[in-house]
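Please look over the model below before reading the points that follow it.

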Amino acid sequence: MKNIKLINFLTAMLLLLVIAMSGCKNKCNNGENYRFEDNAIVFNAPQRVEGQTSMLEFAAEPLPVVRIGFIGLGMRGPDAVYRMTFIDGVEVVALCDLLPENVEKVQKEILEAKGLPRAAEYVGETAYKQLCERDDIDLVYICTNWQTHVPMAVYAMQHGKHVAVEVPAATSVEDCWKLVDVSEQTRKHCMMLENCTYDFFEMTALNMAKQGMFGEVIHGEGAYIHNLEPYWHEYQGNWRLDFNQKHSGDVYATHGLGPICQVLDIHRGDRMEYLVSMSTPSYNGKKIAKEMMGTDEFANGDMTTTMIETHNGKTILIEHNVYTYRPYNRLYQLTGTEGFANKYPIEGFTLMDKNLPEGFLAEGQHLNVHGFVPKDVREKIMKEYTHPIAKDIEELAKKVGGHGGMDFIMDYRLIYCLQNGLPLDEDVYDAAEWSCIGELSAASIENHGMPVKMPDFTRGDWNKVTGYKHAMK
Ligand SMILES: NC(=O)c1ccc[n+]([C@@H]2O[C@H](COP(=O)([O-])OP(=O)(O)OC[C@H]3O[C@@H](n4cnc5c(N)ncnc54)[C@H](O)[C@@H]3O)[C@@H](O)[C@H]2O)c1
């Protein structure tokens, strides 16, 4: 009798276990920051707290003079200080780095060399806090390692400063939400410095796309393919290899993704909804890590490929490879129903006669829709379809430089928008959407290419703005 009771009890428990496990198929928390729901990975998303409102199309009070504090003066930071010295109505108020020699170099070689006053100095791991606490700074410009971006940006916004932060703005979904929430709570801009959206070919193609020259753009491709072998030893404290050693996924997606998202009006009429990602094992990454870190473990695959599907059914392909021997490549490719644009390795357009203005082509000239437009037509397009925001500034941008001038246009636009009280070209939702690819793609890879639902950082407002545009006064 006792045995029968025990058997019944065990059977009931087994049944409960089976029910619980079958429920897990559709909805199951894996105990981390995401769960499995309807055959997809879904990351946790915080609620918007009361009193916190959207930053879509946010414009701050105009700042005739923009006073800047820079944090991080390694390879990237000093060039930003240099570029800003060419823009009227900018003051370099403070400089901060871990190393005093980096600060001194910028004081001497950039500020003093241009006859500008020396800036206030902050040195050490937490010295950035004192910089952020000053009351004579409007914008904190962050060029440090990825791991420090979020605490610095959050501290700066909480101390009343707008933020410009290098790419990627954050390395986890949770931190992307943090940037969104703090920006919404403090009403301060948080712009990620995605410079590739300002490159000349990308801007011209964006301008053409907005004028319908490719028909409906249905697919875009972007990448960061850049062998970093010559640079691995240069990052302060080995932060970059250290990060890649610990993280799989497309950890540097923003250069490839940003320009495509602007063409596809992401969170301005469409939104990225799902991604799937796959990666090769690590071969070359592992070798470098063995040499530099003495480890046999390396999480980041040599070649990572991610596909994204948007709400409106468009597709995006993004690649990441910083390890193998290939020519530098950001792809930048647009496929439209009536045309095509391609930047790497050959710059070209495929267009239909009917989408060019009358008289644009020579008498009797017709375009071949199975090939690129001829050189003379491409050159004429690049001239006549230069994006309006690049037109006035192109010459100075090429003189000042920064990846051929795109970095200068980015800084120029940031200051122009702040001085004129306009929404910035890249808002905090762009920063979050483009940066979250790192952790989302890692989750997909770790689950054999399982779809991952992309967070909606606008919390339902992705359809409220129609079409991507740059604000002008
Ligand atoms: N947009 C682009 O084209 C581009 C190009 C290169 C680098 N970047 C980005 O710029 C950032 C910096 O990269 P990098 O190549 O200059 O790296 P780096 O290692 O050369 O420089 C980082 C600097 O930050 C400083 N730093 C670190 N912690 C700090 C702290 N707590 N307080 C103050 N300073 C601190 C370091 O001392 C170092 O000088 C990264 O986010 C990178 O992805 C972007």
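1. The model is predicted: local features need pLDDT of at least 70, side-chain atom pairs count only at pLDDT 80 or more, and totals for chains, interfaces and linings use all residues. Residue numbers start from 1 along each chain as its sequence is written.

2. Six strands form an open sheet in the order E6-E5-E4-E7-E8-E9, with parallel pairing. Strand E6 (120–123) and strand E9 (190–192) are at the edges with a single partner strand each, so one side of each has no neighbour in the sheet. Strands (E, at least two residues) and helices (H or I, at least four) are DSSP runs numbered from the N terminus, and two strands pair if DSSP finds at least two bridges between them.

3. Within this sheet, strand E4 (residues 66–71) runs parallel to strand E7 (residues 139–142), joined by four bridges. Gly-69 is opposite Val-140 in E7.

4. Helix H15 (residues 428–435) is mostly covered, with eight of its eight residues buried; among them are Tyr-429, Asp-430, Glu-433 and Trp-434. Buried means that 20 or more other C-beta atoms, placed from the backbone, lie within 10 Å of the residue's own.

5. Around the ligand there are 25 residues, of which Gly-72, Gly-74, Arg-76, Leu-98 and Gln-236 come nearest. Strand E5 (90–97) and helix H5 (146–158) are the elements that give two or more residues to this shell. A residue counts as near a molecule if its C-beta atom, placed from the backbone, lies within 6 Å of it.

Key. A residue is buried if 20 or more other C-beta atoms lie within 10 Å of its own, exposed if 12 or fewer, and partly exposed in between; C-beta atoms are placed from the backbone.
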